[in-house]
Amino acid sequence: MELSRIVITGLGLTAPNGNNLAEFRRNLLQGVSGITMVDVRYMGRWPAGMCTFDPLRYQRKKDVRIGTRAGSISIYCAREALADSGIDLARRDLSRIGVFLGITEHGNVETENEVYNISQFKYDTKFWTHHHNPRTVANSPAGEVSLNLGTTGPAYTIGAACAAGNMGLIHAAQMLRLREVDFAFGGGVSESPQTFGIFAGFKSQNALASHADPTKASRPFDKARNGIVISEGGCIYTLERLEDAQARGAKIYGELAGYCVNSDATDYVLPNPERQAECVRRALANAGMTVDDIDIVNTHATSTPQGDIQECQAIAAVFRDRREPAAINNTKSFIGHAMGAAGALELAGNLPSFDDLVVHPTINVDDLDPQCDIPGLVLNRPRAIKRVDAILNNSFGMLGINSTLIIKRFPAHPTHP
Amino acid sequence: MTKDECKKLVIDIIADIAPDEDLSGVKPEVRLRDQLQLDSMDFLDIVMELRKRYGIEVPEADYMQLASLDSCAEYLTPKFQAKV
């Protein structure tokens with residue numbers, strides 16, 4: 001069966017260092033971190049990534065009060081993506097528009113807030129809000145988008161731990177190819193810094209980053225890295241079948257070339273480089289590409305001592321036969337780990353490379369860990385390269401879920417189809 | 001606690017529940033739902049805020065007493081007075 005070609009025609013984002021693609025990209029090229037110290041309930045001050053977008057740009061105050069932070073992030077990103085795509089919803093069949101958002105988790109924030117709330121009333125549950133259930137159902141962020149836009153097609157989340165951002169795009173593409181929808185919002189969101197439980201969980205796991213200077217806390221590949229910086233954020237793309245995008249003369253950011261999602265089946269939290277490498281290889285096969293076709297590899301590396309090494313091993317194993325090393329970078333060094341948004345945001349930070357042929361660096365690498373020293377790392381300064389025709393984006397998550405997404409230039413470079 | 005003071009407390013709650021609404025011209029004799037964008041969930045929020053802020057319980061059978069500012073004042077003022 002001939003599958004429809006799927007293209008990206010718009011995007012909206014909010015990251016700790018930027019509320020639109022231009023601002024985000026500028027800060028990635030100028031080495032500007034978005035990490036600050038924040039107060040975490042019960043735990044004091046920790047480095048984290050918080051976004052500064054204005055929720056009231058697209059929501060009423062009442063909707064912000066009733067909804068969730070993840071919902072506000074989702075609505076902001078979806079509205080920005082919609083505007084960027086040039087689509088007029090009034091002229092579309094709203095039942096043929098889908099919303100597919102990756103999430104690492106949802107409901108922790110709202111549940112913790114209510115437990116804290118009733119703790120002020122001697123834990124009497126009659127003070128528990130009636131908003132709790134709609135706020136915490138797993139489809140909540142996507143549902144808030146459908147409420148805000150008035151779209152009546154499928155709108156739900158994809159729970160895939162920290163592999164989820166890629167999954168939002170992948171699932172959107174699948175639904176377009178199945179012709180279940182004609183226009184799709186796909187991406188990922190995170191409100192995780194609002195929950196102390198995630199900080200406390202990583203701390204108990206000895207995987208929470210600490211540093212006197214918050215902008216230095218997220219430092220993948222550096223010898224002194226000591227854990228994850230938890231961030232919020234969102235990035236939502238509009239995706240369409242190529243023929244639909246071309247028929248309306250849409251701006252096209254890139255074409256979804258291939259992908260893979262697989263599972264380690266080995267551990268609750270520890271990654272498995274063999275399965276990660278398999279995920280990358282299968283994504284290449286799915287795209288009909290070889291390692292020589294990939295120009296930028298955006299790593300998942302979260303700045304944990306073991307995880308970074310294992311991903312580097314996986315990438316080195318897959319790319320060892322490449323003639324010239326691909327450029328390898330990491331966006332979390334700027335924005336921390338945006339959880340469900342990570343894959344989608346990190347891809348967005350690299351898409352402008354199709355146009356400017358510059359690779360944003362991994363910052364904060366003062367002393368490269370020899371075990372992470374693989375060919376092609378772009379460290380501390382941007383690097384201009386001769387060709388950017390394909391970007392490979394890795395996102396991995398707990399319970400051993402891996403996702404790799406490959407986006408290629410559109411239209412293809414005439415000498416490199 | 002007078003009835004006017006009671007109405008002021010209810011308006012303060014509504015201002016938090018429905019922050020986009022202009023409450024300057026609310027008519028006390030007209031049903032709140034007929035002049036403001038309030039739904040059943042909002043009334044549950046009003047009930048919850050009365051409980052949290054003032055320890056006042058409004059049983060479900062009495063929710064209709066909160067229909068207008070005037071009926072709120074009739075129903076709630078004795079409850080506030082009983083708290084003093």
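At what angle do the axes of helix 1 of chain B and helix 3 (residues 40–54) of chain B cross? In this predicted model, the crossing is at roughly 130°, and the two axes come within 10 Å. The crossing is right-handed. Helix 1 of chain B contributes Ile13(B), Ile14(B) and Ile17(B) to the contact. Helix 3 of chain B contributes Asp42(B), Asp45(B), Ile46(B) and Glu49(B). By class, this contact holds four nonpolar residues, three charged residues and no polar ones.

Helix 1 of chain B, residues 3–17, also meets helix 4 of chain B, residues 69–83. Their axes come within 8 Å and cross at roughly 105°. Angles from 65 to 115 degrees count as roughly perpendicular. Helix 1 of chain B and helix 4 of chain B are therefore roughly perpendicular to each other. On the helix 1 side of chain B, the contact is formed by Lys3(B), Cys6(B), Lys7(B) and Val10(B). On the helix 4 side of chain B stand Leu69(B), Cys72(B), Ala73(B), Leu76(B), Thr77(B) and Phe80(B). The contact of helix 1 of chain B with helix 4 of chain B comprises seven nonpolar, one polar and two charged residues. In general, residues three or four places apart point the same way, because an α-helix has 3.6 residues a turn.

Chain B as a whole contains four helices and zero strands. From the N terminus, its elements run α-α-α-α. Its radius of gyration is 12 Å, close to the 12 Å that the globule rule gives for 84 residues, so chain B is as compact as a globular protein of that length. The C-alpha trace of chain B spans about 30 × 25 × 20 Å along its principal axes. Of the 84 residues in chain B, 19% are buried. Of the contacts in chain B between residues at least 6 apart in sequence, 58% join residues at least 24 apart.

Chain A contains 14 helices and 15 strands. The radius of gyration of chain A is 20 Å, close to the 22 Å given by the globule rule for 417 residues, so chain A is as compact as a globular protein of that length. Along the principal axes, its C-alpha atoms fill a box of roughly 65 × 55 × 40 Å. Buried residues account for 56% of the 417 residues in chain A. Among contacts in chain A with a separation of 6 or more, 80% come from residues 24 or more positions apart.

The two chains touch. Eight residues of chain B are in contact with seven residues of chain A. The side of chain B that touches chain A has five nonpolar, three charged and no polar residues.

Within chain A, helix 6 (residues 140–149) has eight of its 10 residues buried, so helix 6 of chain A is largely enclosed by the rest of the structure. The buried residues are Ser140(A), Pro141(A), Ala142(A), Gly143(A), Glu144(A), Val145(A), Ser146(A) and Asn148(A). The cover over them includes helix 3 (69–85), strand 4 (97–103), helix 5 (132–136), strand 5 (155–159) and strand 6 (183–190) of chain A. Gly150(A) follows helix 6 of chain A and has a positive phi, near 80°.

Helix 10 of chain A, residues 273–287, packs with helix 11 of chain A. Their axes come within 8 Å and cross at roughly 45°. The two helices of chain A are therefore oblique to each other. Helix 10 of chain A passes helix 11 of chain A in a right-handed crossing. Pro273(A), Gln276(A), Ala277(A), Val280(A) and Arg281(A) of helix 10 make the contact with Gln310(A), Glu311(A), Gln313(A), Ala314(A), Ala317(A) and Val318(A) of helix 11. By class, six of the contact residues are nonpolar, three polar and two charged.

Thr302(A) lies in the loop between strand 10 (296–298) and helix 11 (305–319) of chain A. Thr302(A) counts as buried because 26 C-beta neighbours lie inside 10 Å. Leaving out residues up to four places away in sequence, Thr302(A) touches Pro220(A), Ile228(A), Gly307(A), Lys332(A) and His337(A). The C-alpha atoms of Thr302(A) and Asn226(A) are separated by 9.8 Å, although these residues are 76 apart along the chain.

Terms used. Residues numbered from 1 in each chain as written. Chains lettered and ligands numbered in written order. Predicted model: local features only at pLDDT ≥ 70, side-chain atom pairs only at ≥ 80, totals over all residues. Axes fitted to C-alpha atoms, helices over the stretch in contact; angles between N-to-C directions. Parallel < 35°, antiparallel > 145°, perpendicular 65-115°, else oblique. Contact = placed C-beta atoms within 7 Å. Nonpolar A, V, L, I, M, F, W, Y, C, P; charged D, E, K, R; others polar. Buried ≥ 20, exposed ≤ 12 C-beta atoms within 10 Å, placed from the backbone. Rg over C-alpha atoms; globule rule 2.2 N^0.38 Å. Left-handed = near helix turned anticlockwise from the far one by under 90°.
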